Amino acid sequence: MIIDARELNDLTRRATDLMSETADVPRVLRNRLGEQHQLAQAAQEMQGSIESLVQELRCFDISAQPAAADTYDGS
Amino acid sequence: MHIPEADFEDLIRTLSEARSRATELATSISARLGTEHRLAVLANAASLRIESMLREVRSSATQGTDIAGGLAELQGALHIETQPVTPAPVNPSDHIRPGMEAMTAFAAQAGLELEHWLPMFVNDLNSQVRTSGGITFELAERLLQQRKDDFLRDFLIARRMYRTYPHLFPEIQNEQPSSESQPIPQGGAS
């Protein structure tokens, strides 16, 4: 399966938006409950998980994908 | 240390929306690159983390010590929500889809309004079975949780509207003249 630059940009943008929208969650829980609280730590792990996804998307090398099969049938 | 009700509301709303977005994102990535691809695995992991977080926050909210009259009241609303209401007249349009038709029939049979969460949930289940050819307990639980989140979000919005613009809800004020209790949507707001 192949992904092109436009699709990758769209996915990266959506993931970045997701990261921004959830950025306050760890901060609120940390401020309210303290860094050691289970909820605060879980929120930090959640945010880290999203950040990893964003990082991987940004680093994804489109050119390294296997070449797409030529579907042109000549008609 | 405690979390005020307003913070819980914001957290639940944020996480609920994030979960939907993360699920869509994971689905898009999996569709493009395959479920085994590292990006798909990461996206699914992020989605599961968000869902887990939402569950924990919701659990903390219901057990919280500083939410009197807030989310606890909402739990009551959820229970009231399950009470049957006056059946809505079935008025099928000319172009009702099969799923919609089934949902309408179910709602009428159960004596619920079409907008009640239960017919919508049953419709979700039917749609899932039709599109994927099967369903699991986990998926059913997730769909139910989404319905619950939708209801919670709408309820909180409605309550804020009532608090901010009480003059727009004279019928509710007339029903509860001596109380400042919050309006509880009857039967099927979702």
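Which residues touch the most other members of the largest nonpolar core? I looked that up before anything else.

**Ground rules**

I'm working on a predicted model, so I noted that local features need pLDDT of at least 70, that side-chain atom pairs count only at pLDDT 80 or more, and that totals for chains, interfaces and linings use all residues. Residues are numbered from 1 along each chain as its sequence is written, with chains lettered from A and ligands numbered from 1 in the order in which they are written.

**Entry: the core**

I got my answer: A:Leu53, B:Leu15, B:Leu25, B:Ile29, B:Ala43, B:Ile50 and B:Val57 touch the most other members, in a core of 33 residues. A nonpolar core here is a set of buried Ala, Val, Leu, Ile, Met, Phe, Trp, Tyr and Cys residues joined through C-beta atoms within 7 Å. Buried means 20 or more other C-beta atoms within 10 Å of the residue's own, exposed means 12 or fewer, and partly exposed is in between, with C-beta atoms placed from the backbone.

I then checked which elements give two or more residues to this core: α1 (5-21), α2 (24-33) and α3 (38-59) of chain A, together with α1 and α2 of chain B. The most comes from α2(B), with 10 residues. Helices are DSSP runs of H or I with at least four residues, strands are E runs of at least two, and both are numbered from the N terminus.

Apart from this core I found another, of 11 residues, including B:Met103, B:Phe121, B:Phe151 and B:Leu156.

I also clicked on B:Val57, and not counting residues up to four places away in sequence, B:Val57 touches A:Leu39, B:Phe8, B:Leu11, B:Ile12 and B:Leu15. Contact means C-beta atoms, placed from the backbone, within 7 Å.

**Entry: the two chains**

Chain A has 3 helices and 0 strands, and 23% of its 75 residues count as buried. For chain B I have 7 helices and 0 strands, with 27% of 190 residues buried.

I looked at contact range too, taking contacts with a separation of 6 or more. Residues 24 or more positions apart account for 62% of them in chain A and 61% in chain B.

**Entry: the interface**

How many residues of chain B are in contact with chain A? I have 27, facing 26 residues of chain A. On the chain B side, α1 (5-33) and α2 (38-63) each supply at least two residues. That side divides into 17 nonpolar, 4 polar and 6 charged. For these classes, Ala, Val, Leu, Ile, Met, Phe, Trp, Tyr, Cys and Pro are nonpolar, Asp, Glu, Lys and Arg are charged, and the others, Gly among them, are polar.

I picked A:Glu56, which is in helix α3 of chain A. A:Glu56 touches B:Arg38, B:Leu39 and B:Leu42, again leaving out residues up to four places away in sequence. It counts as partly exposed because it has 16 C-beta neighbours inside 10 Å.

**Entry: helix pairs in chain B**

I started with α1(B) and α2(B), which pack at about 160° with axes 8 Å apart. So α1(B) is roughly antiparallel to α2(B). Axes are lines fitted to C-alpha atoms, for helices over the stretch in contact, and angles run from 0 to 180 degrees between N-to-C directions. Under 35 degrees is roughly parallel, over 145 roughly antiparallel, 65 to 115 roughly perpendicular, and the rest oblique. Their contact divides into 19 nonpolar, 5 polar and 3 charged residues.

Next came α1(B) and α6(B) (residues 137-164), whose axes come within 10 Å and cross at roughly 135°. These two are therefore oblique to each other. The contact is made by B:Glu9, B:Ile12, B:Arg13 and B:Ser16 of α1(B) and B:Asp149, B:Leu152, B:Arg153 and B:Leu156 of α6(B). I sorted those into 3 nonpolar, 1 polar and 4 charged.

**Entry: B:Pro119**

Is B:Pro119 buried or exposed? It counts as buried, because it has 24 C-beta neighbours inside 10 Å. B:Pro119 is in helix α5 (residues 117-132) of chain B. It touches B:Met103, B:Phe106, B:Ala107, B:Leu112 and B:Leu114, not counting residues up to four places away in sequence. The C-alpha atoms of B:Pro119 and B:Met103, 16 residues apart along the chain, are separated by 5.5 Å.

Note on methods
Two residues are in contact if their C-beta atoms, placed from the backbone, lie within 7 Å.
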